[in-house]
Amino acid sequence: MKLSTNYIVRVLVTGFVVLTLLSIPLFWIRFLCNEILSVWMPREYKYVDIEPTGLLPDNLENDPNIERHSRVYARLDEWEYPHLGIIEYFESTSPGESRSCLILSSSEKDWAYFDNKSGHFVFRYVETKIMPDSDKLEREVQYYIGPEGISEIPDKTLGRFIEPIVDSSEFKTSLWKSGRIILYDKKLRSFFAINFEDRNITKSRQLLKDDPRRPIDIGILNKNDDILDLYWMLPKVKTSENNQVRTLYSRERFGSIIKEGDPDYRPDKYLLVLDESGRIDLLDKETLEFAGSAGRLPTPATLFPADKNATPDDLLAYRILPMALKEDRKYRGLFAAAVNREGTALALSVFDANGVLIRSDHTGERDYRGRRGTLSSRAVLFSFPGAPAITIGRFLLENLHPPILSLASYFTADSFEAGSGHRALLLLPNSFIAMKGRDARDDNIVVDNIVVRFLYALLLMSPSIVLAILLAWRVGKDAAFIGFSRKTRRWWLLGTIAFGLVGYITYRLTRPKITLVTCANCGKPRRPDTGICHRCGSKWDVPELVPPTWRVIDG
Amino acid sequence: MLTLIKREIHDHPLFFIGSVILSTVLIGLSIATLKGHYWIELTAFDSPAGTIVSTILVFVFFGMGAVQMDTDRTRKISAFISILSVSRNRILLAKIIAGLLAILIALVPLAVTVTILLRIHIPPIPVFHVMVLEIFSGTFLITLACYFIGLQAGWNSGRLPPVIIGLILTCILLTLIIIKGFMPEIMIILTLFTVASLIRTWHLFMSTPL
Amino acid sequence: MNDNVIKVENLVKYFDGRCVLDGINFTVPRGCIYGLLGRNGAGKTTIIRILLGLEPVTRGRTFLLDTESPNLSPKVRGRIGCVAEGHNLIQNYKVERLIKLCKDLSLQWNDESFGHLIETFRLPMDRKVRDLSMGMRAQLNLSLAMAIEPELLILDDPTLGLDTVARRQFLELAIEVIQKQDRTILFCSHILSDVERIADRIGILTAGKLVVDCPMEQLKERIKKLRVIFSESVPANLYLTEIINQQIQGREMTITVANWNKQKQAILETFKPSSCTEIPMSLEDIFIECTKPNPQPVEVS
């Protein structure tokens, strides 16, 4: 039986519907598995600390009365796992987020946004001036800011920003109105400093075309910070009063705790700049020039080791905390924590003021002496009660996915941003096969390694391939049974092998609904809508009807 | 064509009246919400509100599609009309236009009202207007897709399993909004899905004996 | 323009693996009243539904007004009037609303003749269709079909439920339609006296085949029922072909033969029967003979 265009359209359309509707429940089951895993994960897989931090001066860190050294810790919080699209959408419209042009909305009257059409920032706020007679004069002002200047009326001469990123750390207080706000435009490749008090804008040198630096964020460097906590603590010192241990705050000896978001913390000299390669640089706030490296994003462990540095897109979450003491405000280094794509491993690093890595640690199993064993990215799959069942369940679920899409996930594994992988429906960037696709070694130019990696990936897909072949065999058998032509059967076989369960369901839904009748010649079922039996080629005979032999037909 | 559309509206007045009532209620709620909060608090409402509105509309219009087709099969309306000077294409098109009209009656006044209210209460920040457009487009597409599923489910009249299956599929499809949000990618998926559902509905209607 | 208003080519229809129509071929020329007959379940309604595009064929093709049935355009449909078996109207509509719907959807509508019909039948406008009697529904159905001044009228057991007077009125209406130039009727009915009155061509369906398809006058000429008395016993083999029915009682044989001609007469005469009398048959008698399930000769004691 030949195919009509109608039938082909019907198959394609039904296939798409089936693919969409099947992907959704599979997504939810995978999501459930991940959530259960996230909740059941032992504490040591979600928590890592470093003590001492190594950034405090020796006189503070090595005080003879010290009880506990300074400490930095990072924790993965399972209760806030906002990777569903609806939450992401909701959050992305908040000020400063990726899809929001709103950069500030601290009150009804203080707000700012970036107008894509004009390429200007629009700042509206209440300006307070102290008059000579000590009276306060408040007025609402609105400024339009472009790369060439600031004006109270929109003006083309202000120029156009194209793809700006703003240091929003200054917006934590209202002091920005009398200070400077620094921003970087990705397309213009320059830094800008907006001075509201003087109503001017300072521009840095444009980064050259061949300059490898590609800043993607400045100021507060966070991603999905609500699933990742990062804190550091001063040392605990025994005091002379009653021999009690407590943290001593003294203007003479210690600064008060300085951490991100602290209103007292002013990064006087430097601003952190995150590059798309994962490197963190220091920017001199006065000169708007790079002032050296501050470190880089830590690379959390993955299931299949990848000997390459993590980039921001590779990480589900990260948090960078610069460190300074209040007494001198001198930049002393930074703490950086990062979570891998799958959310199963956390890495913590400490970099000194010169950007040199001085301490690092990863989540993983610990023995009774606190020594680290298997890294959490591996341990999470099998090492605690319930984990094997979830892992196997997840593995089997991934193998229900169409093989062709699993294969595509392997080849596109690096193309997806980490967070979006948790919302993926058709391609699965967080599947085992995609993880294997990201398994990159320094010697990856060796062909053998690529081939071995691919074969391993096929091994991971083997249940899916076996299922697809089984289903294709059934489809082929049925297609022959109902009299599809050889060409049509071949297409169905290929389609079912490529799409697995989706292909099989599509076939069942689009299969012609015909009741076969027994051929009087060969005795096998044949289609009543074909002129000859598709098995023996004989013409029609309807033995159950016995019409008379005579006819009275005119003409 | 107009006669057929009028006939559909006349035969299912409850859905149109229901759309008007629903739209009015939602407009009232929107006004109350916008008036009762500062505009900076409104980002907390956009997605939950969009999801709730989508959920209500999806089930209502799945029901409309199912009832339209079930009534048609039970009363053999298409069988009668197709003998007249009307093609089957037009009969189906009239049903779909009537359904589309009901969906637009529910959504458009709400969209217009929300847009006007945003212009009045909120500074001219593009993100809110873009959000309104995205949420309403997403809601429209998913409602339309579930309406087509309802048409297919209702066509198998007299049998409960297809309706239950249709309802389950509607619930599954609705969770697509939770998975993807109202991002642009969902518009692509929903548009393709809606077109696919439409073609399937068309084929089902055209190939079934009346 | 083709002279054949209806054309059926090698029509085969299966329902769930059961063959109902097995290779039906016939044409209905313009201006003809074609009576399609068959027992219950023979497939008459199926043929009509296939012709109107309401049912798909399993194999074969059907044409109405030069258009293949699945592709009937609204314009072509507007030239066809149909009174379906069971009078399938929209039950929950009021008569008035149903009339308005049909009027708005038709290409042409004769208000005058329709009004005349409604008055004649005295149909209540404000009642719902489901509250009408079967006869009233038939009348309404017929009126709606006639109002569009159809080129082709398809009637599937239209007088079902009509009283004698209403039936007669209906037949007269049908004749009135035919008298208009180029009008054609396809008529199915179990009331064969009605068919005999108006049809000028007959088709009889049995066992999935169209066994009869010829003009009415020819039918009576070609199918003969004879009572033959032999002097001795009835011969075992008469060497006659196309025997529809045969009943033997002693020396007497009643035989119904199709396509009776001089040749067959001569063959019979070679057996020197004592007498050979023709039994006149009405259409009903012919129909019963043609659709009897058992064609083997029957010995009656």
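Trainee: Which residue in β7(A) is the bridge partner of F123(A)?

Mentor: In this predicted model, Y143(A) in β7(A) is the bridge partner of F123(A). Local features need pLDDT of at least 70 and side-chain atom pairs 80 or more, while totals for chains, interfaces and linings use all residues. Residues are numbered from 1 along each chain as its sequence is written, with chains lettered from A and ligands numbered from 1 in the order in which they are written.

Trainee: What joins strand β6 of chain A to strand β7 of chain A?

Mentor: The antiparallel strands β6 (residues 120-130) and β7 (residues 136-146) of chain A are joined by 10 bridges, and strands pair if DSSP finds at least two bridges between them. Strands are DSSP runs of E, at least two residues, and helices are runs of H or I, at least four, numbered from the N terminus.

Trainee: Why are α1(A) and α8(B) called oblique to each other?

Mentor: Helix α1 (residues 5-40) of chain A packs against helix α8 (residues 184-207) of chain B at about 130°, with the axes 9 Å apart. Angles run from 0 to 180 degrees between N-to-C directions, and axes are lines fitted to C-alpha atoms, for helices over the stretch in contact. Under 35 degrees is roughly parallel, over 145 roughly antiparallel, 65 to 115 roughly perpendicular and the rest oblique, and α1(A) and α8(B) are therefore oblique.
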